[in-house]
Amino acid sequence: VQLQASGGGLVQAGGSLRLSCAASGRTFSTYVMGWFRQAPGKEREFVSAISWSDTSTYYADSLKGRFTISRDNTKNTVYLQMNNLRPEDTAVYYCAAGPRSGIYANDYRYWGQGTLVTVSS
């Protein structure tokens, strides 16, 4: 599986962005898809994940209510809608695919290249 993240950019605090992650490979629909982020000087952290069937979603506690993950298996794409963005959301956002859900990077087997989100105050 190859993953290509897009949709990052510069946005003012309070604004919104939608990230996309397009996957290649016929087995996309069988993978759990996740989003992680890494801010400068910080470790990569879990953001959100969605089961292959789209029936289960997971979020970092601090992001619940602002971020929404979804997927379209017909388009081999997973999305991350980010609302009410804050300067502390500034980071490179990575999408990932793995056989089971988890909040650790090691739970995921495939990674995209990342897309930069910058939130100005």
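Let's start at serine 48, which sits in strand E5, residues 45-50 (strands are DSSP runs of at least two residues, numbered from the N terminus). This is a predicted model, where local features need pLDDT of at least 70, side-chain atom pairs count only at pLDDT 80 or more, and totals for chains, interfaces and linings use all residues. Residues are numbered from 1 along each chain as its sequence is written, and side-chain values use heavy atoms, leaving out hydrogens and water.

Serine 48 counts as buried because its relative accessibility is 0% (buried is under 20% relative accessible area, exposed over 50%, partly exposed in between, with a 1.4 Å probe and protein chains only). A polar atom of its side chain lies 2.8 Å from the backbone oxygen of tyrosine 58.

Isoleucine 50 is also found in strand E5, and isoleucine 50 is buried too, at 0%.

Now for the rings. The structure holds five aromatic pairs (rings of Phe, Tyr and Trp, using the six-membered ring of Trp, with centres within 6.5 Å; planes under 30 degrees apart are stacked, over 60 edge-to-face, the rest tilted). Tyrosine 108 and tryptophan 111 are edge-to-face because their planes are at 70 degrees, with centres 6.4 Å apart. Tyrosine 108 is buried at 5%, while tryptophan 111 is partly exposed at 27%.

Note on methods
Helices (H or I, at least four residues) and strands (E, at least two) are DSSP runs, numbered from the N terminus. A polar contact is a pair of N or O atoms within 3.5 Å; within protein, one must be able to donate a hydrogen and the other to accept it, and residues adjacent in sequence count only if both atoms are side-chain atoms.
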